[in-house]
Each structure stands twice: as C-alpha cells, then as structure tokens.
Amino acid sequence: MEIKLSDEELSVIEEKAAAANLSKSAYLRRMGTVGEIKFYDAHLFTNLINQIRWIGNNINQIAKNANSTGSISNQELEKVLDYHESINNNLEYYYEKLIPRVI
C-alpha cells in the first residue's frame with residue numbers, strides 16, 4: 001500500500017506517532033482500525049505499584065508467621081483486612097485520576 005502525503009501531513013503523523021511511542025506504521029494501523037489512540041500516563045501507577053508491593057510484603061510476613069505458629073491472631077487478621085482496604089482505597093484514588101490523553 002502506498003500513501004501520498006504532504007510534508008506537513010507526514011510531519012504531523014511523525015509527531016503523533018512519537019507522542020504515542022509507536023512507529024509510523026503502527027500509528028497509522030491503529031488510527032485506521034480503531035480511530036483514536038489513548039495514552040495513559042504510567043507515572044500515576046508507579047506509586048500505586050510500590051504501595052501494593054509494600055502491602056504484599058507485609059501480608060507475606062503475616063502468612064509466614066501464621067504458617068510457622070499454626071494460627072493467626074485477631075490483630076494480624078485485622079492488619080490483613082486493613083491492608084485490603086488500603087489497596088481498594090488506593091485503586092479508587094488512582095482510577096479517578098486515570099484520564100487518557102487522546103492522540
């Protein structure tokens with residue numbers, strides 16, 4: 001397939017493809033089949049991922065303790081529930097901030 005473009009049109013396509021972190025071909029295929037490209041700022045997720053890892057480590061420590069003793073205290077169970085609630089709250093917080101940039 002061959003496409004004829006002006007220099008200005010080619011420049012716009014190159015800029016938009018670069019902004020979407022796509023090759024020109026991938027950009028044109030996506031635009032031709034879907035009609036738009038949504039770009040999400042992954043920076044928002046860095047903090048969330050780190051928080052979830054921290055919570056996961058804490059839950060693993062509680063699980064190891066429960067496995068070694070054969071039981072789990074009410075206090076440790078409350079911590080697990082608090083961590084679960086914290087994950088839900090963080091997901092809701094970041095979901096509300098998740099607004100795609102259409103390229």
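The model is a predicted one, so local features are taken only at pLDDT of at least 70 and side-chain atom pairs only at pLDDT 80 or more, while totals for chains, interfaces and linings draw on all residues. Residue numbers run from 1 along each chain as its sequence is written, and side-chain values rest on heavy atoms, with hydrogens and water left out.

Start with the inside. The largest nonpolar core is made up of six residues, namely Ile 13, Ala 17, Ala 20, Tyr 27, Ile 37 and Ile 103. A core here is a set of buried Ala, Val, Leu, Ile, Met, Phe, Trp, Tyr and Cys residues joined through side-chain atoms within 4.5 Å. For accessibility, buried stands for under 20% relative accessible area, exposed for over 50%, and partly exposed for whatever falls in between (1.4 Å probe, protein chains only). Tyr 27 is in contact (heavy atoms within 4.5 Å) with Ile 13, Lys 16, Ala 17, Leu 22, Ile 37 and Ile 103, leaving aside residues up to four places away in sequence.

On to the rings. Phe, Tyr and Trp rings (the six-membered one for Trp) pair when their centres lie within 6.5 Å; planes under 30 degrees apart are called stacked, over 60 edge-to-face, and the rest tilted. Searching the whole structure turns up one aromatic pair. Trp 54 and Tyr 83 make this pair, edge-to-face, at 5.9 Å centre to centre and with 80° between the planes. Since Trp 54 sits in helix α3 (residues 43-69) and Tyr 83 in helix α4, the pair ties together parts 29 residues apart in sequence. Helices (H or I, at least four residues) are DSSP runs numbered from the N terminus, as are strands (E, at least two). Trp 54 is exposed at 52% relative accessible area, whereas Tyr 83 is buried at 15%.

Charged pairs come next. There are two salt bridges in the structure, the term being used for a Lys or Arg side-chain nitrogen within 4 Å of an Asp or Glu carboxyl oxygen. Lys 24 and Glu 14 form a salt bridge through their side chains, at 3.5 Å from N to O. With Lys 24 in helix α2 and Glu 14 in helix α1, that pair ties together parts 10 residues apart in sequence. Both ends are partly exposed, Lys 24 at 40% relative accessible area and Glu 14 at 36%. Glu 36 and Lys 38 also meet in a salt bridge, at 3.8 Å from N to O. Here Glu 36 is partly exposed at 32%, and Lys 38 is partly exposed at 44%.

The surface has a greasy side too. Met 1, Ile 3, Leu 5, Leu 10 and Leu 28 form a nonpolar surface patch with about 530 Å² of accessible area together. Patch members have over 30% relative accessible area and no salt bridge; nonpolar side chains (Val, Leu, Ile, Met, Phe, Trp, Tyr) are joined within 5 Å, like charges within 9 Å. The areas come from the Shrake-Rupley method with a 1.4 Å probe, and for residues only the protein chains shown count as cover. Leu 28 belongs to helix α2 and is partly exposed, at 35%.

Asn 21 sits in the loop between α1 (7-19) and α2 (24-33), where its phi is positive, about 60°, although the residue is not a glycine. Asn 21 is also exposed, at 68% relative accessible area. Asn 88 lies in helix α4 (residues 74-97) and is partly exposed at 32%.
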